[in-house]
Amino acid sequence: EDISALGLRHVGYAIPTEFFAPFVSGAVEVVRTMTTDENAEDAFRWSLTLISKILVRTILEGSTIVMKAINTNQEKALVKAVSVAPRGKRALELLNITVGTQSISPFYWSIESGS
């Protein structure tokens, strides 16, 4: 649950998913300089790879048209994104995105972050 929550925060920060693999590689290289234990290095690589896959999945599932519009910080983009939703569900598009068991409010996030 904590990893999914972190992934949803990354949606709000507009972190490209292409950055996760190089980050894992770089982190493993740093650990390699700190230890000679191959098992420790392999365990670190495995766990960080698993975490990055969960984050990428959460980002892909949580990157709705509304979140993308909020990240552009343009009113027209947000109005256009919300207008796609049926009238009875527009408020829900602004107030809730759920991925797995985690939810985030794009509206609350945009106010909190200043977007």
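Predicted model: local features only at pLDDT ≥ 70, side-chain atom pairs only at ≥ 80, totals over all residues.
**View 1**
You'll find Thr72 in helix α4, which covers residues 65–72. Now look for Ala14: along the sequence Thr72 and Ala14 are 58 residues apart, while their C-alpha atoms are 9.3 Å apart in space.

**View 2. Tyr13 sits in helix α1.**
Tyr13 is another partly exposed residue, with a relative accessible area of 47%. Which residue is 54 places from Tyr13 in sequence? That's Met67, and from C-alpha to C-alpha Tyr13 and Met67 are 9.7 Å apart.

**View 3. The whole chain has 7 helices and 2 strands.**
Step back for a moment before zooming in again. Reading from the N terminus, the order of elements is α-α-α-α-α-α-β-β-α. The protein has 115 residues, and 30% of them are buried. What about contacts between residues that are at least 6 apart in sequence? Of those, 62% join residues at least 24 apart.

**View 4. Helix α3 takes in residues 38–62.**
Count along α3 and you get 25 residues. From its first C-alpha to its last, helix α3 reaches 36 Å, close to the 36 Å expected at 1.5 Å a residue. At the start of α3, check out Asp37: one of its side-chain oxygens comes within 3.0 Å of the backbone nitrogen of Asn39. Which residues of α3 are buried? They are Glu41, Leu48, Ser52, Leu55, Thr58, Ile59 and Gly62. Three of these residues, Glu41, Ser52 and Thr58, get a view of their own below.

**View 5. Helices α2 and α3 run roughly antiparallel to each other.**
Helix α2 spans residues 20–34. The axes of α2 and α3 come within 10 Å and cross at roughly 160°. The crossing itself is right-handed. On the α2 side, the residues that meet α3 are Phe20, Phe23, Val24, Ala27, Val28, Val31 and Arg32. Their partners in α3 include Glu41, Phe44, Arg45, Leu48 and Ser52.

**View 6. Glu41 is a buried residue of helix α3.**
Glu41 has a relative accessible area of 10%. That value is under 20%, so Glu41 counts as buried. Leaving out residues up to four places away in sequence, which residues does Glu41 touch? Val28 and Arg32. Follow the chain from Val28 to Glu41 and they are 13 residues apart, with 6.9 Å separating their C-alpha atoms.

**View 7. Ser52 also lies in helix α3.**
Is Ser52 buried or exposed? Ser52 is buried, with a relative accessible area of 10%. Its side chain reaches the backbone oxygen of Thr49 at 2.8 Å. Setting aside neighbours within four places in sequence, Ser52 is in contact with Phe20 and Val24.

**View 8. Helix α1 crosses α3 at roughly 50°.**
This view brings in helix α1, residues 2–13, whose axis comes within 8 Å of the axis of α3. That angle makes α1 oblique to α3. Left-handed or right-handed? The crossing of α1 and α3 is right-handed. From α1, the residues making the contact are Ile3, Ser4, Leu6, Gly7, Leu8, His10 and Val11. From α3 come Ile51, Ile54, Leu55, Arg57, Thr58, Ile59 and Gly62.

**View 9. Thr58 is found in helix α3.**
How accessible is Thr58? Its relative accessibility is 0%, so Thr58 counts as buried. Its side chain reaches a backbone oxygen at 2.9 Å, and that oxygen belongs to Ile54. Thr58 and Ile54 are also among the α3 residues in the contact with α1.

Technical notes. Residues numbered from 1 in each chain as written. Heavy atoms only, no water. Helix = DSSP H or I, 4+ residues; strand = E, 2+ residues; numbered from the N terminus. Expected span 1.5 Å × (residues − 1). Buried < 20%, exposed > 50% of the residue type's maximum accessible area, 1.4 Å probe, protein only. Polar contact = N/O pair within 3.5 Å; in protein donor to acceptor, adjacent residues only side chain to side chain. Axes fitted to C-alpha atoms, helices over the stretch in contact; angles between N-to-C directions. Parallel < 35°, antiparallel > 145°, perpendicular 65-115°, else oblique. Left-handed = near helix turned anticlockwise from the far one by under 90°. Contact = heavy atoms within 4.5 Å.
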